[in-house]
Amino acid sequence: PLIVSGESLPEKKTAGNSLFTREIDNVRVKGREQPTTLFEVMNNNPQDILEKKIQSMPIYEEGLSHYKKGKFQDAINCFIECVKICPQDEIPGIYLRRCSTLLRVPPGADWTGVSTL
């Protein structure tokens, strides 16, 4: 996937040229205090995959919200639905593995949903 940080996304979209993006992670880069949001630019996907990713977007966003709140089983349920809609989409599978691990080894009370690189 084509990944960009929140700082590099264009502020305005040109009429007729839609940029389809979705948040994929919040990361804290070593040496930086503030986390950076990473987005996938989905326009480079084949049309059928793009359409499936767009179709699953509400469920994906719900899963991401559950993940950030530490509701890992609820997140898993959402990401499973995303995989059913678009099996070629790699990102929900990544979150399924993360959530499964976090259910087995729960994070501390200071969970923020931010990954540290």
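**Ground rules.** I number residues from 1 along each chain as its sequence is written, and my side-chain values use heavy atoms, with hydrogens and water left out. As the model is predicted, local features need pLDDT of at least 70 and side-chain atom pairs count only at pLDDT 80 or more, while totals for chains, interfaces and linings use all residues.

**Entry 1: the sheet.** I started with the strands, which are DSSP runs (E, at least two residues), just as helices are DSSP runs (H or I, at least four residues), both numbered from the N terminus. I found an open sheet of four strands in the order S1-S3-S2-S4, with mixed pairing. Two strands pair if DSSP finds at least two bridges between them. Which strands sit at the edges? They are S1 (2-5) and S4 (115-116), and each pairs on one side only.

I then went through the pairs. S1 and S3 (residues 36-41) run antiparallel and are joined by four bridges; Ser5 has Leu38 as its bridge partner in S3. S2 and S3 also run antiparallel, with six bridges, whereas S2 and S4 run parallel, with two bridges. I looked up Val27 on both sides: its partner in S3 is Thr36, and its partner in S4 is Ser115.

**Entry 2: how enclosed is S2?** For this I needed relative accessible area: buried means under 20%, exposed over 50%, and partly exposed in between (1.4 Å probe, protein chains only). Six of the eight residues of S2 are buried, so this strand is largely enclosed by the rest of the structure.

**Entry 3: a loop residue.** Next I picked Arg32, in the loop between S2 and S3. Arg32 comes out partly exposed, at 44% relative accessible area. I also checked Arg32 against Thr116: they are 84 residues apart along the chain, and their C-alpha atoms are separated by 10.0 Å.

**Entry 4: helices on the sheet.** My angles run from 0 to 180 degrees between N-to-C directions, with axes as lines fitted to C-alpha atoms (for helices, over the stretch in contact). H1 lies across S2 (21-28) and S3, at about 25° to S2. H3 lies across S2, S3 and S4, at about 40° to S2.

**Entry 5: H1 against H2.** What is the angle between H1 and H2 where they pack? I get about 170°, with the axes 7 Å apart. Angles over 145 degrees count as roughly antiparallel, under 35 as roughly parallel, 65 to 115 as roughly perpendicular and the rest as oblique. H1 and H2 are therefore roughly antiparallel. The contact (heavy atoms within 4.5 Å) includes Ile59, Tyr60 and Tyr67 of H1 and Phe72, Phe79 and Cys82 of H2.

**Entry 6: Lys53.** Leaving aside neighbours within four places in sequence, Lys53 is in contact with Arg22, Glu40, Met42, Asn45, Cys86 and Asp89.

**Entry 7: the core.** Of its 17 residues, Tyr60, Tyr67, Phe79, Tyr95 and Cys99 touch the most other members. H1 (47-68), H2 (72-85) and H3 (90-104) each supply at least two residues of this core.

Definitions and conventions: A nonpolar core is a set of buried Ala, Val, Leu, Ile, Met, Phe, Trp, Tyr and Cys residues joined through side-chain atoms within 4.5 Å.
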